[in-house]
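Please look over the chain shown here before reading the notes below.

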Amino acid sequence: MHVEALVLRAQYLFELIRNWGDVPVSFEPAYKTIGFIYPQAEPGILYDRLLNDLKTAIEFFAMEN
């Protein structure tokens, strides 16, 4: 399940960046944030997070199989 969640988050982030560029995003749990106003993240930072998520998903998948 964790692998699937990481891949889907990467896919959704990619689509958001592709369609709208800078998008507001938070990687902190909701209980740690104040309000619902998130700063816009630069696409480069989001692409790095996206690639790290996919690398982690590959590692988890390799351990499961």
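The model is predicted. Its chain holds two helices and two strands, arranged along the sequence as α-β-β-α. Of the 65 residues, 17% count as buried.

**Overall form**

- The C-alpha trace spans about 40 × 30 × 15 Å along its principal axes.
- Among contacts with a separation of 6 or more, 48% are between residues 24 or more positions apart.

**Helix 2**

- Helix 2 covers residues 43-64, which is 22 residues. At 1.5 Å a residue it should span 32 Å, and its end C-alpha atoms are 31 Å apart, which agrees.
- Its buried residues are Leu46, Leu50, Asp53 and Ala57.
- The buried residues of helix 2 pack against helix 1 (2-20), strand 1 (23-24) and strand 2 (40-41).

- In soluble globular proteins, nonpolar side chains tend to be buried together.
- The largest nonpolar core here has seven residues: Ala10, Leu13, Ile17, Val23, Ala41, Leu46 and Leu50. Helix 1 and helix 2 are the elements that give two or more residues to this core. Helix 1 provides the largest share, three residues.
- Ile17, a member of this core, touches Pro43, Leu46 and Tyr47 when residues up to four places away in sequence are not counted.

- Asp53 lies in helix 2. Its relative accessibility is 6%, and because buried means under 20%, Asp53 counts as buried.
- Leaving aside neighbours within four places in sequence, Asp53 is in contact with Leu6 and Arg9.
- The side chains of Asp53 and Arg9 form a salt bridge, at 2.9 Å from N to O. This pair links distant parts of the chain, with Arg9 in helix 1 and Asp53 in helix 2, 44 residues apart. Arg9 is partly exposed, with a relative accessible area of 29%.
- Asp53 also meets Arg49 in a salt bridge, at 3.7 Å from N to O. Both of these residues lie in helix 2, four residues apart, about one turn of the helix. Arg49 is partly exposed, with a relative accessible area of 29%.
- Salt bridges that share partners join Arg9, Arg49 and Asp53 into one network.

**Salt bridges in the chain**

- Side chains of opposite charge can pair when their charged atoms come close.
- The count of salt bridges comes to three.
- One of them is between Glu15 and Arg18, whose closest N and O atoms are 2.5 Å apart. Glu15 and Arg18 both lie in helix 1, three residues apart, about one turn of the helix.
- Glu15 is partly exposed, at 28% relative accessibility, whereas Arg18 is exposed, at 51%.

Technical notes
Residues numbered from 1 in each chain as written. Predicted model: local features only at pLDDT ≥ 70, side-chain atom pairs only at ≥ 80, totals over all residues. Heavy atoms only, no water. Expected span 1.5 Å × (residues − 1). Buried < 20%, exposed > 50% of the residue type's maximum accessible area, 1.4 Å probe, protein only. Contact = heavy atoms within 4.5 Å. Core = buried A, V, L, I, M, F, W, Y, C linked by side-chain atoms within 4.5 Å. Salt bridge = Lys/Arg side-chain N within 4 Å of Asp/Glu carboxyl O.
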